[in-house]
Amino acid sequence: MTSPAPTPESKAQARFGIHGILAFIAVLLVAVPFGILVLLVRENSVWLRHVDLDTASSLHSYDERHPGFVTAMRVVTNSGSSLAWIVVLTVVGLWLLYRRLYRLTAFLAVTAIGGSLLNEAIKAAVGRTRPVLPNPIATATGKSFPSGHTQSAVVGYGILLLIFLPVASRRWRHIFVILAFVIVSVIGFSRIALGVHYVSDVVGGVVIGTAWLLAMTAAFSAWRRDRHMPSVSPTDGLEPEHAERLKPDP
């Protein structure tokens with residue numbers, strides 16, 4: 001006896017289930033290393049402490065001999081400040097509202113605000129103090145782990161890429177992703193170079209920022225599926241069907 005042919009609805013449900021499982025696995029693969037890193041930080045791992053302290057000491061010695069390098073790092077780190085991201089994402093959010101792209105506006109707001117709150121919650125839970133160096137060249141308030149600048153850069157550039165990738169050609173999409181990766185790396189390095197974060201703080205910012213971005217993208221994809229729309233393909237952006245509406249007026 002043959003089984004009945006699958007209906008379009010059953011196929012859609014199967015695809016949704018597969019996408020949900022893959023999204024869960026992706027988040028889990030990022031969240032597990034972060035959990036291990038938090039444990040190492042909380043337990044004050046000898047190996048991790050040596051890496052953090054040796055790197056901080058070496059870069060601080062370099063800073064004292066190269067004021068031009070310090071100036072460059074200050075410029076880089078200021079480009080990834082909370083104020084800079086508030087300005088950029090507010091402008092983008094208003095543009096999306098003007099274009100009546102309300103789902104994308106909601107994604108931007110929830111992902112950005114939620115990521116910031118998550119960073120503060122983890123900092124409070126871990127309670128790690130910032131590096132203490134002789135004659136520091138820069139200071140920062142609040143706890144150290146994870147790096148807020150780095151996490152904000154991962155989430156912020158991730159938001160911009162996911163929203164505006166549909167506007168770019170296939171070739172430029174790869175270039176923009178690589179460029180975002182380089183900028184995030186430089187911002188993270190600037191926090192270590194200025195002596196306000198350890199290496200593990202920056203790594204933590206990258207991991208938790210990536211996990212949060214993956215989780216929000218998966219939630220947005222599920223939201224689309226509930227409205228009988230295709231799942232999100234990260235290489236095509238969140239809503240490729242609105243590519244024309246994302247372009248500025250000629």
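How many salt bridges does the structure hold? The structure holds 7 salt bridges, a salt bridge being a side-chain nitrogen of Lys or Arg within 4 Å of a carboxyl oxygen of Asp or Glu. Side chains of opposite charge can pair when their charged atoms come close.

The model is predicted, with local features needing pLDDT of at least 70, side-chain atom pairs counting only at pLDDT 80 or more, and totals for chains, interfaces and linings using all residues. Residues are numbered from 1 along each chain as its sequence is written, and side-chain values use heavy atoms, with hydrogens and water left out.

**Exercise 1.** Describe the salt bridge between Asp52 and Arg128.

Step 1. The closest N and O atoms of Asp52 and Arg128 are 2.7 Å apart.
Step 2. This pair links distant parts of the chain, 76 residues apart: Asp52 lies in helix H2 (residues 46–65), and Arg128 in the loop between helix H5 (102–126) and helix H6 (148–164). Helices (H or I, at least four residues) are DSSP runs, numbered from the N terminus.
Step 3. Asp52 has 1% relative accessibility and therefore counts as buried, the term meaning under 20% relative accessible area (1.4 Å probe, protein chains only). Arg128, at 16%, also counts as buried.

**Exercise 2.** Describe the salt bridge between Arg224 and Glu239.

Step 1. The closest N and O atoms of Arg224 and Glu239 are 3.3 Å apart.
Step 2. Arg224 is in helix H8 and Glu239 in the loop between H8 and H9, 15 residues apart.
Step 3. Arg224 is buried, with a relative accessible area of 2%; Glu239 is buried, also with 2%.
Step 4. Arg224 and Glu239 belong to a network of salt bridges that also links Arg103 and Glu241.

Conventions:
Helix = DSSP H or I, 4+ residues; strand = E, 2+ residues; numbered from the N terminus. Buried < 20%, exposed > 50% of the residue type's maximum accessible area, 1.4 Å probe, protein only.
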